[in-house]
Amino acid sequence: PYAKLGWFSREEDGVAISIAGPRPLQLDDDGLTGEVGLRWRVNEPFALRLGYVWYDLEPDSDASAQLGAEWHF
């Protein structure tokens, strides 16, 4: 098991494609983030992670489940 708490910074500038067509997108946000989950070390350099991640975004917070792979070198 693992848990982490941190700070994120997000800056995006581009184009969002929606049902109404392309439109400009500009995001600038930072805030608190946290994650809890499980890590399974398959062998020495490789591990799989399953976690739940939460971000304190403006105007609301957002969360998601994530499956990830780690390679240690």
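**Exercises: aromatic rings in a predicted model**

The charged end of R39 lies over the ring of Y2, 5.2 Å from the ring centre (this needs NZ of Lys or CZ of Arg within 6 Å of the ring centre and within 35 degrees of the ring normal). This is a predicted model, where local features need pLDDT of at least 70, side-chain atom pairs count only at pLDDT 80 or more, and totals for chains, interfaces and linings use all residues. Residues are numbered from 1 along each chain as its sequence is written, and side-chain values use heavy atoms, leaving out hydrogens and water.

**Exercise 1.** Work out how the rings of F8 and Y55 are arranged.

*Solution.*
- Start with the count: the structure holds 2 aromatic pairs (rings of Phe, Tyr and Trp, its six-membered ring, with centres within 6.5 Å; planes under 30 degrees apart are stacked, over 60 edge-to-face, the rest tilted).
- For F8 and Y55, the centres are 5.4 Å apart and the planes stand at 90°, so this pair is edge-to-face.
- Now place the residues: F8 is in strand β1 (residues 2–18) and Y55 in strand β3 (residues 46–55), 47 residues apart (strands are DSSP runs of E, at least two residues, numbered from the N terminus).

**Exercise 2.** Decide whether F8 and Y55 are buried, partly exposed or exposed.

*Solution.*
- Recall the cut-offs: buried is under 20% relative accessible area, exposed over 50%, partly exposed in between (1.4 Å probe, protein chains only).
- F8 has 11%, so F8 is buried.
- Y55 has 30%, so Y55 is partly exposed.

**Exercise 3.** Describe the pair of F46 and W71.

*Solution.*
- The centres are 6.3 Å apart with 55° between the planes, and the pair is tilted.
- F46 lies in strand β3 and W71 in strand β4 (residues 62–71), so the pair ties together parts 25 residues apart in sequence.
- F46, at 25%, is partly exposed, while W71, at 58%, is exposed.

Technical notes: Helix = DSSP H or I, 4+ residues; strand = E, 2+ residues; numbered from the N terminus.
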